[in-house]
Amino acid sequence: MSTATLPMAYRGTAHLRADQVWRAIPLLPRNAVLALLHAYRATISHTYGDVCRYYPSCSAYAVGAVQQHGVAKGSALAAWRICRCHPWAAGGVDDVPPHRHFRHELTPHGFVVPLRKD
């Protein structure tokens with residue numbers, strides 16, 4: 001998976017360690033949706049080219065929303081963003097609202113892993 005298409009805010013430096021596997025199980029649905037979004041961005045999104053009026057693009061926004069807010073709320077935020085993206089939209093920078101209590105880390109590929117307790 002290429003990370004070059006993700007904004008820097010949606011990438012991290014963490015890695016899933018062996019002692020974190022059990023704590024990562026609740027994050028499986030979130031990471032499964034992120035894998036689907038990465039597959040979409042690597043295949044279908046490239047056929048459209050750079051046509052989004054907003055930065056980050058709608059698919060990158062969806063990645064950030066699911067990372068920050070989980071599958072349900074992140075999908076709702078992404079759907080709302082897609083509804084706002086139309087030919088008459090002004091566009092511009094539209095970042096994902098940060099989760100106030102985000103307590104996870106991001107991998108270099110944008111997946112979510114538990115926070116290290118060092």
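**Contacts and overall fold**

Among contacts in the chain between residues at least 6 apart in sequence, 77% join residues at least 24 apart. The model is predicted, and the mean pLDDT of the chain is 88. The secondary structure amounts to 4 helices and 4 strands.

**Confidence**

- A pLDDT of 70 or more is reached by 95% of the residues of the chain.
- Helix α4 has the highest confidence in the chain, at 95, whereas α3 has the lowest, at a mean of 81.
- Where pLDDT is low, the predicted coordinates should not be read in detail.

**Architecture and dimensions**

- Along the sequence, the elements of the chain are arranged in the pattern α-α-α-β-α-β-β-β.
- The radius of gyration of the chain is 15 Å, which agrees with the value near 13 Å that a compact globule of 118 residues would have.
- Taken along the principal axes, a box of roughly 50 × 30 × 20 Å is filled by the C-alpha atoms of the chain.

**Burial and surface**

- Of the 118 residues in the chain, 36% count as buried.
- The chain exposes about 7,400 Å², and carbon and sulfur atoms supply 64% of that area.

**Helix α2**

- Helix α2 covers residues 28–42, a run of 15 residues.
- From its first C-alpha to its last, α2 reaches 21 Å, close to the 21 Å expected at 1.5 Å a residue.
- The buried residues of α2 are R30, N31, L34, L37, H38 and R41.
- Viewed down the axis of α2, these buried residues fall within an arc of 115°, so they line one face of the helix.
- On the other side of α2, the residues L28 and L36 are exposed.
- Both helices and strands receive the buried residues of α2, which pack against α3 (44–48), α4 (58–84), β3 (104–106) and β4 (112–114).

**Residue N31**

- Residue N31 is found in helix α2 and belongs to the buried residues of that helix.
- N31 has a relative accessible area of 16%, and it therefore counts as buried, the cut-off being under 20%.
- When neighbours within four places in sequence are left aside, N31 is in contact with F111 and V112.

Conventions: Residues are numbered from 1 along each chain as its sequence is written. This is a predicted model: local features need pLDDT of at least 70, side-chain atom pairs count only at pLDDT 80 or more; totals for chains, interfaces and linings use all residues. Side-chain values use heavy atoms; hydrogens and water are left out. Helices (H or I, at least four residues) and strands (E, at least two) are DSSP runs, numbered from the N terminus. The expected span of a helix is 1.5 Å times one less than its number of residues. Buried means under 20% relative accessible area, exposed over 50%, partly exposed in between (1.4 Å probe, protein chains only). The arc is that of the directions from the helix axis to the C-beta atoms. Contact means heavy atoms within 4.5 Å. pLDDT is the predictor's confidence in each residue, from 0 to 100. The radius of gyration is taken over C-alpha atoms; the globule rule is 2.2 Å times the number of residues to the power 0.38. Accessible areas come from the Shrake-Rupley method with a 1.4 Å probe; for residues, only the protein chains shown count as cover.
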